[in-house]
Amino acid sequence: MKHVFSVSQINSYIRRIFDSDYALRKILIKGEISNCKYHSSGHIYFTLKDEKSTLRCIMFSTDRRGLGFRLENGQMVTVEGHISVFERDGSYQLYAKQIELSGAGALYLHYEELKRELDEKGYFDFERKKPLPRFPERIGIVTALTGAAVEDIKSIAARRNPFVQLYLYPAKVQGEGAAQSIAEGIRFFDHFQVDIIIIGRGGGSIEDLWAFNEPVVADSIYEAETPIISGTGHEIDMTIADYCADVRAATPSAACELAIPDIYAVIQQLDYYREQLDGHMEWMVQNYRRKLSGYQRLMEAHHPGTKVMRQRMLCQNLEQRLHQAMNHRFIDTRHQMMLYAEKLNALSPTARLSGGYVFAQNEREEPVASVRQLAIQEPLSLIFRDGSAKVIPISLDETTEIDS
């Protein structure tokens, strides 16, 4: 009679076979993370895959203490653990004990550690960043001798300011010894006393740019007294050199544009400022001329000579008015006197003589107003309007007075 096994028996048997295999007890497997899930229990479920196959994996929460990063899909990792069978599902899987990033992932982990360490030392502090000189005359460039970066820098410099002197330190920017070569180039130009140092290269992967993440390069940038622009040609991720440098540019060409001002734009701006200054100066001159004219008029108005002239004119005007008043007064007075003279003349005895009357007076020149004052044969004078005559009365007749 044939022996029939249950599914559980078979799965348990297969698990014992896996567990007894020495090669599967402690194994290292490299692959790419996919289907990564963090369970609420703390376990991590994921799949390792390569170009042809996949392998289910689990890391229990008790084993996560040694995991120094967060698992994410797409990471290349090396997993240490053992392979066994999960009896319930009848499937085998890798039980992970340790996981390390491999390739670019390991470099990225090292990059993060170094960045944190240098940040704590103050290598990235904004306060220590040196400003770029406004108009540099000498620029040192630390990059590869061959490549598009050098030609781009030369073209941009010639276009923006052909008078700037460029000096190249042909450094190794990739591979073994690249970091030391870049650091030596920085120290050379810092001692050479250029105005600005540009370091960088064209873009590339994190492995290609790794020389700019080395501590020796960070130290040389931090210790340099010359302002440094880093342009490593990587738009998204920044290298350690980018963080340490005084200014970061996306590419070496962009670094050159930051370092060298457009001299023609500067000249155009200066022309504009000159026109503005000329216009402002002309306005100021006209304004001051107007003010000066006002002050001159004010001084002339308060000048002693002007005051004397004004008083003299006032005196002349008063004198003229006085003469006119006196003349009017004289005419009025003369007219009044003529009226008075006429009145007096009308009352004058002489005036009465023109009407046929005479004036009589004795020899003592006393007026004779009555016949009683006369004596016969006593001379008297009769005064006419146009002359006088002496007469001797021969008879005297006294008459009665006529009331006037």
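Guide: A few ground rules come first, then your questions. This is a predicted model, where local features need pLDDT of at least 70, side-chain atom pairs count only at pLDDT 80 or more, and totals for chains, interfaces and linings use all residues. Residues are numbered from 1 along each chain as its sequence is written, and side-chain values use heavy atoms, leaving out hydrogens and water.

Visitor: Are α5 and α6 roughly parallel or antiparallel to each other?
Guide: Helix α5 spans residues 178-192 and helix α6 spans 215-223 (helices are DSSP runs of H or I, at least four residues; strands are E, at least two; both are numbered from the N terminus). Their axes sit 8 Å apart at an angle of about 10 degrees (lines fitted to C-alpha atoms over the stretch in contact, angles running from 0 to 180 degrees between N-to-C directions). Under 35 degrees counts as roughly parallel and over 145 as roughly antiparallel, so α5 and α6 are roughly parallel.

Visitor: How many nonpolar residues are in the contact of α5 with α6?
Guide: On the α5 side, the contact (heavy atoms within 4.5 Å) includes Ala179, Ile182, Ala183 and Ile186, along with Gln180, Arg187 and Asp190. Helix α6 brings Val216, Val217, Ser220, Ile221 and Glu223. Sorted by class (Ala, Val, Leu, Ile, Met, Phe, Trp, Tyr, Cys and Pro nonpolar; Asp, Glu, Lys and Arg charged; the others, Gly among them, polar), the contact has three charged, two polar and, for your count, seven nonpolar residues.

Visitor: Is glutamine 193 buried or exposed?
Guide: Glutamine 193 is in the loop that runs between α5 and β8. Its phi is near 60 degrees, a positive value in a residue other than glycine. Buried means under 20% relative accessible area, exposed over 50% and partly exposed in between, with a 1.4 Å probe and protein chains only. At 60%, glutamine 193 therefore counts as exposed.

Visitor: Asparagine 35 also interests me: is that one buried or exposed?
Guide: Asparagine 35 belongs to strand β1. Here phi is near 50 degrees, again positive in a residue other than glycine. Relative accessibility comes to 53%, so asparagine 35 counts as exposed.

Visitor: What is the relative accessible area of isoleucine 196?
Guide: Isoleucine 196 lies in strand β8, residues 196-200. Beyond four places in sequence, its contacts include Leu132, Pro133, Ile139, Thr226, Ile229 and Ala259. Isoleucine 196 counts as buried because its relative accessible area is 0%.

Visitor: How far apart in space are isoleucine 196 and tyrosine 288?
Guide: Along the sequence, isoleucine 196 and tyrosine 288 are 92 residues apart. C-alpha to C-alpha, the gap between the two is 46 Å.

Visitor: Is threonine 239 buried or exposed?
Guide: Threonine 239 sits in the loop between β9 (228-231) and α7 (240-244). Leaving out residues up to four places away, it touches Tyr111, Leu209, Phe212, Asn213, Ser230 and Thr232. With a relative accessible area of 3%, threonine 239 is therefore buried.

Visitor: And threonine 306, which residues does it touch, not counting those up to four places away in sequence?
Guide: Threonine 306 is in helix α10, residues 304-347. Relative accessibility is 26%, so threonine 306 counts as partly exposed. Its C-alpha lies 62 Å from that of aspartate 262, a residue 44 places away along the chain. With those up to four places away left out, threonine 306 touches Glu300 and Ala301.

Note on methods. Angles under 35 degrees count as roughly parallel, over 145 as roughly antiparallel, 65 to 115 as roughly perpendicular and the rest as oblique.
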